[in-house]
Amino acid sequence: MLTPIDYPISLDFDAENGTFEPCPQVTPRHLSDLKEMFSDQSTVAQILRENDPLIYEIRYYPFTTTKSDMALAVTRIFPGTIGNEFYMTKGHKHQREDQPEVYYCVRGEGFLPLDTLEGEFRAIPWRAGVITHIPPMWAHRVVNTGNDLLVFIGVFHLSAGHDYDIVARKGFAYRVLSRNGKPELIKQD
């Protein structure tokens, strides 16, 4: 965590590569970190016997002052599939019930599934230039359905917290699968 700074901070952002400087934290997410998220567990096991591919990575910058907290997260999801399921983020719901988030797709294409985990579901088609407000208490993840890198920016309060376990337990109402070379939303069993 950085020391609180009460003056403006600017970062140099490379939209093409999805990187920025300075960057105090990079979190890689490999298949082994997400293995329970994919439906085709036999393919997951087979791939993990040979290697552990990088699915996505997140670059964080906490804008912490003595009076507030905000955070910037830039995520790079690589293209690919596990079986017929596209690479995706783990997905999370915020721990605090009053905390939204804003996502901005900078590069690539895919879907932003949103789920209350209690019956309401939305899947926002995503491409560069789309900005989405994610209301409090909606679980969210990003799926890369393209053949190229997908880059997006997330802005949120650090105090929101992240609950990944609830998504791992309940899952989303729909999965984004490749069918005849195109993405399709398939209802979970």
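Reader: Which residues does Glu 85 touch, not counting residues up to four places away in sequence?

Author: The structure shown is a predicted model. In this model, Glu 85 lies in strand E7, which covers residues 85-86. Leaving aside residues up to four places away in sequence, the residues that Glu 85 touches are Met 37, Phe 38, Ser 39, Gly 80, Arg 175, Val 176 and Leu 177.

Reader: Is Glu 85 buried or exposed?

Author: A residue counts as buried when its relative accessible area is under 20%. The value for Glu 85 is 2%, so Glu 85 is buried.

Reader: Which backbone nitrogen does the side chain of Glu 85 reach?

Author: Ser 39 is among the residues that Glu 85 touches. The side chain of Glu 85 comes to 2.9 Å from a backbone nitrogen, and that nitrogen belongs to Ser 39.

Reader: How many salt bridges does a search of the whole structure find?

Author: Side chains of opposite charge can pair when their charged atoms come close. A search of the whole structure gives a total of seven.

Reader: Where in the chain are Glu 57 and Arg 76, and how many residues apart are they?

Author: Glu 57 forms a salt bridge with Arg 76, with the closest N and O atoms 2.7 Å apart. This pair links distant parts of the chain: Glu 57 is in strand E4 (residues 54-64) and Arg 76 is in strand E5 (residues 69-77), a separation of 19 residues.

Reader: Why does Arg 59 count as buried?

Author: The limit for a buried residue is under 20% relative accessible area. Arg 59 is likewise buried because its relative accessible area is 14%.

Reader: Which residues do salt bridges that share partners join into one network?

Author: Glu 16 and Arg 107 form a salt bridge, their closest N and O atoms being 3.4 Å apart. Glu 16 is in the loop between strand E1 (12-14) and strand E2 (19-21), while Arg 107 is in strand E9 (residues 101-107), 91 residues apart. Through shared partners, the network joins Glu 16, Arg 107 and Asp 148.

Terms used
Residues are numbered from 1 along each chain as its sequence is written. This is a predicted model: local features need pLDDT of at least 70, side-chain atom pairs count only at pLDDT 80 or more; totals for chains, interfaces and linings use all residues. Side-chain values use heavy atoms; hydrogens and water are left out. A salt bridge is a side-chain nitrogen of Lys or Arg within 4 Å of a carboxyl oxygen of Asp or Glu. Helices (H or I, at least four residues) and strands (E, at least two) are DSSP runs, numbered from the N terminus. Buried means under 20% relative accessible area, exposed over 50%, partly exposed in between (1.4 Å probe, protein chains only). A polar contact is a pair of N or O atoms within 3.5 Å; within protein, one must be able to donate a hydrogen and the other to accept it, and residues adjacent in sequence count only if both atoms are side-chain atoms. Contact means heavy atoms within 4.5 Å.
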